[in-house]
Amino acid sequence: MDLQIELDKPEPTYKNNDCVTGHVILNLDSPVDISQITVTLLGRSVSRMERSSHTECHQLIQETLQIFPPCGQLDQNTSRFRTLGPKQYIFPFSLAFPTVSGCYKAHSTKCLEKQPQNEPAPPVRGQEMPHLLRRLPPSTGVRSGPAEIAYAVEANVNIGGFLKQSIKQQSRRIFFCPTSSLPPPRQSLSRHRAVIIRCHQSTNEATAQEVTAAIATTYHVSIELMCGAYLHLGQRLPIRVQITKVNCADHDLILNDFQAMIVEETEVRAAGQVRVQRLSRILRTVSNLRMFVCLAETPVGTTVNIPDDYWGGQLLPTAITPTFETCNVRRSYKLEVRLGFNSRPSKVQTRILEVNFPVHIVATEPAPVPSSILRFSEKQQGNAEDTIPWQGMTQ
C-alpha cells in the first residue's frame with residue numbers, strides 16, 4: 001500500500017480564506033478492507049523551554065473531512081468496511097482555513113514533559129490560563145526552536161474490520177501566511193529629543209572664563225513614523241526627520257550616521273514558565289554621511305526636513321514574520337532609529353540620538369515559501385522523536 005497527498009498548488013503557501021485543495025492517492029497491490037479515509041487540516045502552536053524538558057502544544061486547527069466512503073453512503077444495514085481491489089484510487093478534497101484559531105475550545109492543550117520518575121511533576125499552570133480567541137498566526141519557527149507555529153495536511157486510512165484495525169497515515173506540511181488589508185490612515189507617532197553641541201574655538205589658557213561660558217547650541221530633533229504603529233512587509237519605511245535650531249551657533253551641524261533596526265521579541269510560555277527571546281535585524285546602516293543640516297548662519301527657529309534618500313528606499317523584508325499572539329507564544333516588534341551628529345569647524349564627540357517605536361508588522365501579500373517547508377515521508381516522521389505527533393492532539 002502506498003499513500004500520497006498531492007496538493008493543487010505547486011508551492012504550498014496559503015493565506016486566510018484560502019482552501020487547501022488536492023487529492024489523496026492510494027495505490028493498492030492487493031485487496032484491502034478499508035472502513036474510512038479522512039483528510040485533516042491541522043495547526044499547532046508549540047512553546048519549548050530551553051535547557052528543560054517542558055513543552056506546551058496548543059491545537060489551532062483540526063478540520064476533518066471524510067473522503068471515503070462518501071458521507072451517507074453507508075447505512076446501518078451495510079458493512080462497516082469495504083474491500084478495495086488492487087489499483088490506484090484518487091480522492092479529491094477541499095479544506096478551508098477558519099477565520100480564528102480553535103485553541104479556545106476545550107481539551108485543546110497538551111503539555112509534554114519528560115520528567116525523571118523520582119521527581120514530582122511541576123504544576124502545569126499553562127492549562128489554567130484562558131485561551132485566546134485570535135486570528136490564525138503565520139507559520140514560523142523550527143522544530144528545535146523555542147517557538148513553532150506549524151500547519152499540515154494529514155491523510156488517514158483505517159484498515160480492517162470492527163475487531164481489528166490499523167491506520168495508514170501520511171502528512172504534508174504547508175505554509176500559512178495570513179494577509180491584512182491596508183488599515184485606514186492612522187495618526188503618526190513621533191519621538192522628540194534634544195541634541196546639545198558645545199564648541200570651544202579659543203585655545204588660549206588665559207581665557208578660562210570663555211571656556212566656562214562655551215557656546216552651547218540646542219537642536220530639537222523630531223523623528224516621526226508617518227503611518228503610525230503599522231509597518232507593512234515589502235513596503236518603504238515611513239520615517240520623517242525634522243531638526244529645529246533653538247539658539248545661536250558658531251558651528252555647522254552635521255548628520256554623520258544613520259541606522260534603522262527591527263528588534264524582534266518572542267515570548268514563550270510553557271508549564272507556568274515564561275521566557276523572552278530577542279533578535280535584532282539591522283535594516284540599514286549608513287556612515288560618514290557628512291550631511292550639513294544647519295549652518296552657523298542658519299536663523300534661529302529654522303526647521304529643516306532631512307531628505308529620506310538614505311532610508312526612504314529601504315523596504316521592510318518580507319522574510320519577517322508578522323506580529324501575532326497565541327495562548328503560549330507572542331511575537332512583537334520595535335523599530336529603533338539612531339542618528340549620529342557632529343559639528344564643524346570644531347569637531348566634537350559624535351552625539352548619538354536613539355529612539356524606538358513599538359510597531360505592529362502586517363503582511364499585505366503572501367510571503368515566499370521558506371526552504372524548510374518539505375514533504376515528510378512516514379519514515380521521516382517516525383524518526384522525528386523531538387517533534388510532537390499530530391495525532392497526539394485532540395480537539
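**Cysteines, overall fold and backbone exceptions**

In this predicted model, Cys19 is partly exposed at a relative accessible area of 38%, whereas Cys294 is buried at 0%; buried means under 20% relative accessible area, exposed over 50%, and partly exposed in between (1.4 Å probe, protein chains only). With a disulfide taken as a pair of cysteine sulfur atoms within 2.5 Å, zero disulfides are counted.

As predicted, local features need pLDDT of at least 70 and side-chain atom pairs count only at pLDDT 80 or more, while totals for chains, interfaces and linings use all residues. Residues are numbered from 1 along each chain as its sequence is written, and side-chain values use heavy atoms, with hydrogens and water left out.

Turning to the whole chain, two helices and 22 strands are found (DSSP runs numbered from the N terminus: H or I of at least four residues for helices, E of at least two for strands). Of the 395 residues, 45% are buried. Among contacts (heavy atoms within 4.5 Å) between residues at least 6 apart in sequence, 76% join residues at least 24 apart. The accessible surface, from the Shrake-Rupley method with a 1.4 Å probe, is about 20600 Å², and 49% of that belongs to carbon and sulfur atoms.

Most residues other than glycine have a negative phi, and most peptide bonds are trans. Phe68 and Pro69 are joined by a cis peptide bond with omega about -10°, and Pro69 lies in the loop between β5 (55-68) and β6 (82-84). Asn17, in the loop between β2 (13-14) and β3 (19-27), has a positive phi of about 75° and is exposed at 60% relative accessible area. Arg290, in the loop between β16 (273-286) and β17 (291-294), has a positive phi near 55° and is exposed at 57%.
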